[in-house]
Amino acid sequence: MKSWEFLIQKEGDHQWESVNSPNVQIEEVGKYRILAHTNRFNRLVEVRIRSQEGETQYYQRRVNSQGLVMILPFTEFSAGTSWNVRCCNDILSELLGESWQEQLKLDILPFAPPTKLIPVAQNSANFQTQDYVQQLERLLREEIEPKLINLQDNTCAHDFNTNLKKTI
C-alpha cells in the first residue's frame, strides 16, 4: 500500500477515482468529495484547504482503522477556481520527529459538453458497460455471424438440391 493516496468521487458515482498526480483538473459539473487512504492507521491528520479566494479551512481528522480519512465532504466547485489541499501529521507527532506532508491541487475547469453524437464514457461504470458492448460485438463477429453464414450456405445448398430433384 502507498503511504498516502488521495481518492475523489463525484456525487452520484459509485466508484472512487485514485488521484495519481499532485495536480488534478476536474470539471465543474456536480459535487465532489475527497478521501485519503494511508498506512498511518489511527493517527491524527491536520488538513488545510485553501481556495483561490484565499479562504482557508483548517481541521484535524483521525485516520480510521482501515486507513481512511475524510478530507473534504461533497463540495460544489466553481469553474476557473483552484483549491489547494495539504495534509500533514499533527503537532505532537512533529515534536516527536515524525514529519510528513501530502498535497493536492485541484483546478476546476468549465463544463464542456461532448460534441460527438455518442457521449464518451467518463466513469468506470461507463467503461465497464463499454467493455461489455465490445465483448458482445466480438462475440457476434467471431462466433455468431460465421455460424449464421454457414447455416445460410447449408440452407441454400439444401434448397438448391431439393429444387433440382423436383426438376428432374
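Buried, in this talk, means under 20% relative accessible area, exposed means over 50%, and partly exposed is in between, with a 1.4 Å probe and protein chains only. This is a predicted model, where local features need pLDDT of at least 70 and side-chain atom pairs count only at pLDDT 80 or more, while totals for chains, interfaces and linings use all residues. Residues are numbered from 1 along each chain as its sequence is written, and side-chain values use heavy atoms, with hydrogens and water left out.

Start with the overall layout. The protein chain has 168 residues, of which 26% count as buried. There are two helices and nine strands in the protein chain. Helices (H or I, at least four residues) and strands (E, at least two) are DSSP runs, numbered from the N terminus. Read from that end, the order of elements is β-β-β-β-β-β-β-β-α-β-α.

Next, the sheet. Five of the strands make an open sheet with mixed pairing, in the order β3-β9-β8-β5-β6. Two strands pair if DSSP finds at least two bridges between them. At the edges are β3 (23-27) and β6 (56-62), each of which pairs on one side only. On average, neighbouring strands of this sheet are turned by 20 degrees against each other, direction ignored; the axes are lines fitted to C-alpha atoms, for helices over the stretch in contact, and angles run from 0 to 180 degrees between N-to-C directions. Strand β5, residues 44-51, pairs with β6 in the antiparallel sense over seven bridges.

Staying with strands, Leu104 lies in β9. With a relative accessible area of 3%, Leu104 is buried. Leu104 and Val24 are 80 residues apart in sequence, yet their C-alpha atoms are 7.5 Å apart in space.

Now the aromatic residues. Rings of Phe, Tyr and Trp (its six-membered ring) pair if their centres lie within 6.5 Å; planes under 30 degrees apart count as stacked, over 60 as edge-to-face and the rest as tilted. The count by this rule is four aromatic pairs. One of them is Trp4 with Phe6: the ring centres are 5.8 Å apart and the planes are at 75 degrees, so this pair is edge-to-face. Trp4 counts as buried because its relative accessibility is 8%, and Phe6 is buried as well, at 5%. Ring pairs join Trp4, Phe6 and Trp100 into a cluster.

On to charges. A salt bridge is a side-chain nitrogen of Lys or Arg within 4 Å of a carboxyl oxygen of Asp or Glu. The structure holds two of them. In one, the side chains of Arg43 and Glu98 meet at 2.7 Å, N to O. Arg43 is in the loop between β4 (31-38) and β5 and Glu98 is in the loop between α1 and β9, so the pair ties together parts 55 residues apart in sequence. Arg43 is partly exposed at 37% relative accessibility, and Glu98 is partly exposed at 28%. The other salt bridge is between Asp107 and Lys105, with the closest N and O atoms 3.6 Å apart. Lys105 counts as partly exposed, at 31% relative accessibility.

Last, the surface. Which residue lies in the loop between α1 (91-95) and β9 (101-109)? Leu96 does, and at 70% relative accessibility Leu96 counts as exposed.
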